Amino acid sequence: MTHRWLDEVEALAREALPSAVFRYVAEGARDEISLGEATPAWDAVRLAPRVLRDVRTIDTGTTLMGTDYAVPIGIAPMTLQRAADPGGEVTMAVAAERAGVPMVLSSNAGSTFAEVAATGAHWWLQVYVAAERRETVPMLEAAAAAGAKAVVLTADTPVLGTRYPMAGGPGIWEVADAGWIGANAATPTGLDPADRGKAMDLGPADIGWLADTTGLPVVVKGVLRPDDAHQCVAAGAAAVWVSNHGGRQLDQVVATAQCVEAVRSAVGESAEVYVDGGIRSGLHALIALALGADAVFVGRPLFHALAADGGAGVHRALEEYSRELVEALRLAGCARPQDARGIVAPAGEPGRDQP
Ligand code: GLV
């Protein structure tokens, strides 16, 4: 079997990280049913590849919201990166810049916007909107001023879903260092993000409000339903991000692999579609493109790579994803990511989307 570093990073990270941090990144909500179903759902999809196509040159270049990237693979927002590497988000951003991929910066990052921007990476800000909207404005304005390319509204977190911490060990917020998080908070907050007053009344109007406040394209993350996707785009979203928050919010929600196709159909070409959740290979990325995604985002494996070997680790992991995607595109008869749209085949119906 071919050696894949991506198959080793989780074990390496487990060794390198404080156990409460490893557990926090690993955990899912409640019984972790959605967490466990994410990757098998990608594994379950079958492709109907094309033949007799010129695949001498595979160009993975992708334009997302007007910015060019080297591959349709990005870094999902994750807090606590400074627990994995001293440079934290800055190290991650250097690797993102080197690989030519977008990095979504957690609103609970331990590195400042200026530090991340100085790497030259293209970065987007993930936000939770506060119940008191004006409390979110300073962070939004600071991110826009520092060069964020988009705002990613987390829409699936009116409250944090219940997760069961490691049995017998300390909880993450008992061991977290204040320097790991909160670097861009306008006002000091408690360590535990559950303490913060997130809006429970988010609505379509918040999309326009975010766009007006920042002057940036707005991505709505956490969309699983076609009707919601349609509503987001009608309200001005530039993209919808199919996500179940890494299985960390409502348990027993549908796997994202099962939502992409319907979400794409709902929004047509009027917005971009991204997806995350259990994407563990370049082949999974191809499957997401085939189902209608413009780009995929990867979380835990890149956190693990950061913990295992810093920026070199993240670069190596991203390279592995890219290499696998190039091979998968070539074998599927696709010279470019957009050629992959529709090459899915439910059992018994190969090539149903072929012209
Ligand atoms: C926060 O967004 C988390 O999933 O822990």
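Strand β8 (residues 239-242) runs parallel to β9, and 4 bridges join the two. Strands pair if DSSP finds at least two bridges between them. Helices (H or I, at least four residues) and strands (E, at least two) are DSSP runs, numbered from the N terminus. The model is predicted: local features need pLDDT of at least 70, side-chain atom pairs count only at pLDDT 80 or more, and totals for chains, interfaces and linings use all residues. Residues are numbered from 1 along each chain as its sequence is written, and side-chain values use heavy atoms, with hydrogens and water left out.

**Around β9**

Ala 239 has Glu 272 as its bridge partner in β9. From β8 the chain passes through helix α11 (residues 260-267) to β9 in a right-handed β-α-β crossover. Right-handed means that, with the strands pointing away from the viewer, the path from the first strand over the helix to the second runs clockwise. Strand β10 (residues 295-298) is also parallel to β9, joined by 3 bridges. There, Val 296 is the bridge partner of Val 275. β9, helix α12 (residues 282-291) and β10 form a right-handed β-α-β unit.

**Cores**

A nonpolar core is a set of buried Ala, Val, Leu, Ile, Met, Phe, Trp, Tyr and Cys residues joined through side-chain atoms within 4.5 Å. The largest has 100 residues; Trp 42, Ile 75, Leu 80, Val 240 and Val 275 touch the most other members. α13 gives the most to this core, 12 residues. Leaving aside neighbours within four places in sequence, Leu 80 is in contact (heavy atoms within 4.5 Å) with Tyr 24, Ile 172, Trp 173, Trp 180, Ile 181 and Phe 303. A second, separate core of 14 residues includes Ala 76, Val 104, Val 152 and Trp 241.

In helix α2 (residues 19-26), the buried residues include Ala 20, Phe 22 and Tyr 24. Their cover includes α1 (9-16), α4 (81-84), α8 (172-175) and α13 (300-331).

**Cysteines**

The whole structure has 0 disulfides, a disulfide being a pair of cysteine sulfur atoms within 2.5 Å.

| Cysteine | Nearest cysteine sulfur | Distance |
|---|---|---|
| Cys 232 | Cys 259 | 13 Å |
| Cys 259 | Cys 232 | 13 Å |

Cys 232 counts as buried at 9% relative accessibility. Cys 259 is buried too, with a relative accessible area of 5%.

Technical notes. Buried < 20%, exposed > 50% of the residue type's maximum accessible area, 1.4 Å probe, protein only.
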